[in-house]
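Take a walk through this fold, one element at a time. Keep the model open beside the text.

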Amino acid sequence: MIHTNIIEEDNTSTVTQFLLLGFSDIPNLQGFLFGMFSIMYVIILFGNSFIIVITRIDPALHNPMYFFLSNFSFLEICYVSVTLPRILYSIWTQDRSISLLACATQMCFFLMLAATDSILLAVMSYDRYVAICNPLHYPLVMNQTKCTQLAVGSWLGGMPFQLGQTCQIFSLHFCNANRIDHFFCDIPPVLKLACGDTSVNELYAYAVVILLATIPFLLILTSYSKIIATILRLPTAEGRAKAFSTCSSHLVVVILFYGSASITYLMPKSSHSALSDKLLSLFYTVVTPMFNPMIYSLRNKEVIAALKRLHSDVLVWPYDFPFPVQLEEAKVKDTAGDKLNHTCVGGDTARLRLLHFY
């Protein structure tokens with residue numbers, strides 16, 4: 001491994017590069033950490049890529065829920081790729097230096113993707129609210145145009161706020177030190193290095209958190225309160241149990257993401273400890289994206305069924321019958337099933353059918 005000596009800037013000079021300390025305080029575990037983070041990165045890439053591919057190639061998954069889920073999976077890949085490759089590089093080479101521009105770029109992309117994550121979670125909860133509470137209007141409300149607009153809005157909604165916040169932070173002078181006791185350029189540890197009063201920056205950070213994290217979180221809670229009220233009126237215990245199980249899984253991810261992020265950004269700067277920041281940040285930057293494919297899709301019967309269909313098509317198609325014929329038969333069966341379900345009275349059967357997606 002290559003070792004690079006970084007000279008800490010004195011108190012009167014202007015910092016031109018930072019030193020990301022990361023996990024350098026546990027030198028005996030560097031090899032273990034590199035292996036662990038490498039495995040986690042591979043799991044995140046393969047798990048989320050699988051969700052994207054299976055939702056694109058299987059016609060049964062061409063609906064709004066899986067459209068947003070594929071967006072979310074791609075977002076998680078981008079989100080993790082902002083921080084984790086840099087962690088692996090630092091551990092492998094022991095070169096922990098990062099230029100001021102590179103640090104600002106990493107922070108900007110991390111904040112923008114985190115905002116997208118927050119907004120997209122709220123959009124997904126809205127999709128489930130419409131599907132369960134208004135199933136007969138679901139195809140009209142969540143049409144292709146509306147879904148595209150919601151997805152684009154999720155990706156672009158937080159961009160101007162986070163770009164402005166990054167520019168504001170890096171317009172400060174960093175003359176106290178250049179050692180960031182974190183594994184990536186995050187707001188709290190970077191602000192600790194700034195000279196002078198940073199209360200304005202902290203106030204702006206709180207305002208952005210309220211706008212891009214707290215409000216979407218409240219929308220999620222509102223959606224799920226209405227969903228739960230609707231589920232309690234379902235006629236069968238099986239339908240209620242399936243819906244409650246899905247809601248609890250989604251809420252676990254929401255709590256992991258929002259809980260750890262809120263503690264990190266809403267606590268006063270003086271109350272932050274480097275260890276708590278690192279552990280909390282690992283939850284919403286690495287751990288949650290690793291489990292998202294399992295929580296959202298790999299436990300979903302529709303995705304498992306799609307995987308079985310893909311596996312059977314690959315094995316059977318070259319030998320028994322033309323693949324287009326099989327697709328046509330599946331479409332005929334789906335059409336017949338849809339006609340049968342549309343003859344039901346009221347919205348309860350429609351809700352149960354839509355709940356099957358969850």
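This is a predicted model: local features need pLDDT of at least 70, side-chain atom pairs count only at pLDDT 80 or more; totals for chains, interfaces and linings use all residues.

Strand 1, residues 17-20, pairs with strand 3 in the parallel sense. Two bridges hold that pairing in the assignment. Now widen the view to the sheet. Three strands make up an open sheet, ordered 2-1-3, and the pairing is mixed. Strand 2 (97-99) and strand 3 (179-180) stand at the edges. Each has a single partner strand, so one side of each is left without a neighbour in the sheet.

A helix covers the next step. Helix 4, residues 100-133, packs on the sheet. Helix 4 touches strand 1, strand 2 and strand 3. Its direction makes about 85° with that of strand 2.

Next come the aromatic rings. The whole structure holds 12 aromatic pairs. Take Phe110 and Phe184. Their ring centres lie 4.6 Å apart. Their planes meet at 55°, a value that is not over 60, so the pair counts as tilted rather than edge-to-face. The pair links distant parts of the chain. Phe110 belongs to helix 4, while Phe184 lies in the loop between strand 3 and helix 8 (187-191). The two are 74 residues apart. Are these residues buried or exposed? Both Phe110 and Phe184 are buried.

The pair is part of a wider group.

Technical notes:
Residues are numbered from 1 along each chain as its sequence is written. Side-chain values use heavy atoms; hydrogens and water are left out. Two strands pair if DSSP finds at least two bridges between them. Helices (H or I, at least four residues) and strands (E, at least two) are DSSP runs, numbered from the N terminus. Contact means heavy atoms within 4.5 Å. Axes are lines fitted to C-alpha atoms, for helices over the stretch in contact, and angles run from 0 to 180 degrees between N-to-C directions. Rings of Phe, Tyr and Trp (its six-membered ring) pair if their centres lie within 6.5 Å; planes under 30 degrees apart count as stacked, over 60 as edge-to-face and the rest as tilted. Buried means under 20% relative accessible area, exposed over 50%, partly exposed in between (1.4 Å probe, protein chains only).
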